[in-house]
Amino acid sequence: MHDPAHPSPQPDAPRDADRLLPEPRLLSGVYGLVLASALAAALDSPDEQTSPGSDALWVLLTALAAAAAHGYAHVLSHRMSAQPGGLMAGVRAMLAEWPVVAAAVPTIVLLIAVPDWWTEADAVEVALVVNTLILAGWGMWTARRAGRTWPASLRAGAGDMLIGLVIIGANAVIK
């Protein structure tokens, strides 16, 4: 029975929570940064000859592959739910994952821009620190976009930053 003191929600009316969800582009950017950081750390091997161009190319290709795979997963979910789509919907879904690739750009630039006095290991360390700081900023920004308070946003940024610090720590321990 319907209680008039509690009006039923209107299914077509957008809820506040729906309007305040973080944009998928921001979430994909965080994913791309973590991916680029982990890959840069893994490609930097002290016993290997320095090849920053090759490392940067691997980071780019991996980001492109991850974006395509994530977009393709969306295509498959549409097919499984019997939603209409077709080839163009699939291409649009894959292209919508551009933030994964864009988030890898700072890492790629830092790996390629290796001056004579800067070793590949230095470039990776700087990329990991820069990516960790960007993760903190994006985490904070995403939370603010979702309508969170400043303290909650700072906690979200710290949480995202922790992911970068874990990668830095793993890089130090593994090497």
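Helices, taken as DSSP runs of H or I of at least four residues, are numbered from the N terminus. The model is a predicted one, in which local features need pLDDT of at least 70 and side-chain atom pairs count only at pLDDT 80 or more, while totals for chains, interfaces and linings use all residues. Residues are numbered from 1 along each chain as its sequence is written, and side-chain values use heavy atoms, with hydrogens and water left out.

In the loop between α4 (86–95) and α5 lies E97, which is buried at a relative accessible area of 6% (buried meaning under 20%, with a 1.4 Å probe and protein chains only). The side chains of E97 and S28 are joined by a polar contact of 3.3 Å, that is, a pair of N or O atoms within 3.5 Å of which one must be able to donate a hydrogen and the other to accept it.

S28 also belongs to the contact between α2 and α5, contact being defined by heavy atoms within 4.5 Å. The axes of α2 (residues 24–43) and α5 (residues 98–112), come within 7 Å and cross at roughly 35°, axes being lines fitted to C-alpha atoms over the stretch in contact and angles running from 0 to 180 degrees between N-to-C directions. Among the residues that make this contact are Y31, L35 and A36 of α2 and W98, A103 and T107 of α5.

Helix α2 also packs with α6 (residues 120–145), at an angle of about 165° and with the axes 10 Å apart; the two helices are therefore roughly antiparallel, a term applied to angles over 145 degrees. Residues including L26, L33 and A40 in α2 meet residues including L128, W138 and R145 in α6.

How values were computed
Parallel < 35°, antiparallel > 145°, perpendicular 65-115°, else oblique. Buried < 20%, exposed > 50% of the residue type's maximum accessible area, 1.4 Å probe, protein only.
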